[in-house]
Amino acid sequence: MREGNRLYSYIWVAPCLLLYVIFFAIPLFIGFYSAMTNWTMGREVTAFVGLENFRHIFSDPELLNAVRNTFLYTVVVVIFKNLFGFVLAIILSTPLSRKRRVNNLFRTLFYIPAVMSTIVLGVVFTRILHPLGLLNACLKSIGLGFLAQNWLINTRVVMLSIAGVSVWQWTGYHMVIYLAGIQGIAPDYLEAATIDGASTLQRLRKVTIPLLAATINMNVILSLIGGLRGFSEVYVLTNGGPGHASQVLTTEVLSKFAEGRWGLGTALNAVLFLLVAVICIPLLRQMRRQEVEE
Amino acid sequence: MNEALLRRRAVRGVTVLFLLLVSVIVITPLLFMVLGSFKNPLEASSFSLSLPGHWLFRNYLDVVREGSLGRAFVNSCLIAAASSALTVFFSSIASFVVARKRSRLAQFLYYFFFLGSLAPMQIIPTIQILKVAHIYGSFASVILIYAALNLSFGCFLYTGFIKSVPRALDEAALMEGASLFGIFFMVIFPLLTPANVTVSILIFLSIWNDINLPIYFLPDSTKWTMPLSVYGFFGRYSSSWNLVFADLALTALPVVILYLAAQKYVVSGLLVGAVKQ
């Protein structure tokens, strides 16, 4: 076995590592350093300012609002992408026709938005969510006119509208992952539970969900990363507006860079990274443990 | 017995009805776009789901000509294809060693590559590096950056895949006198075909749909990719929504076709990546 280990040479990792280090890791470390400088476009001298940028982020109301929006957006998309994705997967896991043709048709259809560009869908949704757009017209025509909103203009709902578009786009993606997890459960478990007289709901609670722990975890991680790092949907739907009402961390990074405040922009990026790492790494570790147990 | 059958049928009926309702929610925005793309400017500006009075196929010709979508299409294909090829090649050979070696260094490399999935890319420092290398603004720079960013995902998927290929195969090939090169390219790589197709398609799709990199790294609009050209087009023609819709539909079409053609791989890859690893 020792000999086997020696057979594999690290030279094979070199091209991958080189590319990764030059275009990703080195910029990442430069970024962490420059997050602690007052690096600004056009300024001759860049000085080390320690944690000043971070202090600024957590005392500037506009940036704090972006942090709050990022959290709100993330919580909403994580909950609904997973809830809807899971429910659809459960429904689609029982055969609706011989050879599951009908099931596959629905699965194919529900996944389509996930392969499309968020920019394309976003531009379409600016028309659907327009005050005189399709959504309000539909609500009125089915007697729910009181729900009509200025979806992208009302500062109180704008973040939820953006989250809604993201949930619409990605539910099918999460559904497909759940579906695979469900189909990976050995039928014996469910049969045994049925023989023991468990109802559909009991089987779901006592057998399916516990056995899906790793899948659920993975879906939550994916949607968390998607939520915290979400950019295109905000950029195309509102570009952070009206005013700064729907700014999230990623769009603030863009606007700080555009203003030439590079030090501050990279500090914001670092905050984003820390958020993702602090939230996702424990979940990842837990997921690996769950897999070992299975 | 009969009653049970009846009840099962009723449940199935309600289920299908519910799924049809969800389908309507999924399809409506897409239908809205497609119908809008065939309307005249006046009809398109009403933002309804009505059918066009005359189906104006000409709209598509107009956007291809005026929006220079042909060039954007070629740019997108070039960037997405070259980066996914690079990613497949580099990350598969790296993962082969990372998956097989039983050492701390291999373990470290696995996590080091995984970092790429968590950390956001640093835009301004990357631009500086590109300027030092004199490739800022070129296709090559974007291709290399996309590859670098996707290596993380590639290594993640490939390491999982390769671990499921028994080592005994390597050892058998070794006995037959194969070199490491031979083992990988004659024995392992063919077995990775599903992973190869999956990784290339998923990366191709994600690059095709991305606008983050072209915004920062391709200041020259003749090098823009399709989604970004949509954005430019949207700005210029915001009074002709029929043309905007046609432009959007044309940008979405290639990836939807690719997805429908290679669905098996897209879905199965997602699963291997998400569930097994």
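1. B:A148 touches A:L19, A:Y20, A:F23 and A:F24, leaving aside residues up to four places away in sequence, where a contact means that the C-beta atoms of two residues, placed from the backbone, lie within 7 Å. The model is a predicted one, in which local features need pLDDT of at least 70 and side-chain atom pairs count only at pLDDT 80 or more, while totals for chains, interfaces and linings use all residues. Residues are numbered from 1 along each chain as its sequence is written, and chains are lettered from A, and ligands numbered from 1, in the order in which they are written.

2. B:A148 and B:L248 have the most contacts inside the largest nonpolar core, which has 152 residues. Such a core is a set of buried Ala, Val, Leu, Ile, Met, Phe, Trp, Tyr and Cys residues joined through C-beta atoms within 7 Å, and a residue is buried if 20 or more other C-beta atoms, placed from the backbone, lie within 10 Å of its own. Helix α7 (residues 139–163) of chain B gives the most to this core, with 16 residues; helices here are DSSP runs of H or I with at least four residues, strands are runs of E with at least two, and both are numbered from the N terminus.

3. Between the chains, 67 residues of chain B are in contact with 66 residues of chain A. On the side of chain B that touches chain A, helix α1 (residues 2–37) of chain B gives the most, with 10 residues. That side has 50 nonpolar, 11 polar and 6 charged residues, with Ala, Val, Leu, Ile, Met, Phe, Trp, Tyr, Cys and Pro counted as nonpolar, Asp, Glu, Lys and Arg as charged, and the others, Gly among them, as polar.

4. Chain A has 14 helices and 0 strands, and its C-alpha trace spans about 75 × 75 × 30 Å along the principal axes. Of the 294 residues in chain A, 41% are buried. Among its contacts between residues at least 6 apart in sequence, 69% join residues at least 24 apart.

5. Within chain A, helix α5 (residues 101–115) and helix α8 (residues 158–183) pack at an angle of about 130°, with their axes 6 Å apart; the axes are lines fitted to C-alpha atoms over the stretch in contact, and angles run from 0 to 180 degrees between N-to-C directions. Residues that meet here include A:R107 and A:F110 in α5(A), and A:W168 and A:Q169 in α8(A). By class, this contact has 10 nonpolar, 2 polar and 1 charged residues.

How values were computed:
A residue is buried if 20 or more other C-beta atoms lie within 10 Å of its own, exposed if 12 or fewer, and partly exposed in between; C-beta atoms are placed from the backbone.
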